[in-house]
Amino acid sequence: MYTDKVMEHFSNPRNVGEIEDANGVGTVGNPKCGDIMKITLRIEDEIVKDVKFKTYGCGAAVATSSIATELIKGRTISEALNVTNKAVVEALEGLPPAKIHCSVLAEEAIKSAIADYYRRQGIDPLPIVGCDADCANCGQAAAGH
């Protein structure tokens, strides 16, 4: 059912925890399954210098969070924004169809944390990040976003 790579990241997740002085924080969740992901970032000079995650959820949620942090650590913000749920699935060498939503949450958590980083810099993240699934902070809800 799960690939060896998924099992490895579930059993030995990388970058677990929370960055105390994070300058980007993103929390996303899926009400259907109850998975919640929180990613904290330390960005310096447009580079993701450090990234940590905390995830409440199934093994696939933990594995997708873990691999997502590995995919963006040391990368530019632009490169991190290009990490899609498909890239997360490919890095894990596959996920069962019923668990693909976990990879979507990982992508959304990255975008949410980067959007928070831009907000803290006084920059509107919407033109850069696009929809980050953080509806409470989007400001576009009234516009039918």
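The largest nonpolar core here has 37 residues, and Ile39, Leu41, Ile72, Ile110 and Ile114 touch the most other members. A nonpolar core, by the way, is a set of buried Ala, Val, Leu, Ile, Met, Phe, Trp, Tyr and Cys residues joined through side-chain atoms within 4.5 Å. Buried means under 20% relative accessible area, exposed means over 50%, and partly exposed is in between (1.4 Å probe, protein chains only). Which elements give two or more residues to this core? They are β2 (36-44), β3 (47-56), α2 (59-72), α3 (77-81), α4 (85-91) and α5 (100-120), and α5 gives the most, with 10 residues. Those names come from DSSP runs numbered from the N terminus: helices are H or I with at least four residues, strands are E with at least two.

Keep in mind that this is a predicted model, where local features need pLDDT of at least 70 and side-chain atom pairs count only at pLDDT 80 or more, while totals for chains, interfaces and linings use all residues. Residues are numbered from 1 along each chain as its sequence is written, and side-chain values use heavy atoms, with hydrogens and water left out.

Now for the strands. Two strands pair if DSSP finds at least two bridges between them, and β2 takes part in both pairings below.

| Strands | Sense | Bridges | A facing pair |
|---|---|---|---|
| β2 and β3 | antiparallel | 9 bridges | Ile43 and Val48 |

The hairpin of β2 and β3 has 2 residues between the strands, and Asp45 takes a positive phi near 55° there.

Ile39 is worth a look. Leaving aside neighbours within four places in sequence, its contacts (heavy atoms within 4.5 Å) include Gly26, Val51, Phe53, Ala106 and Ile110.

What about helix α5? Of its 21 residues, 15 are buried, so the helix is mostly covered. After α5 comes Gly122, with a positive phi near 80°.

Setting aside neighbours within four places in sequence, Leu105 is in contact with Val28, Gly29, Asn30, Asp35 and Met37. Leu105 and Ile36 are 69 residues apart along the chain, yet their C-alpha atoms are separated by 8.1 Å.
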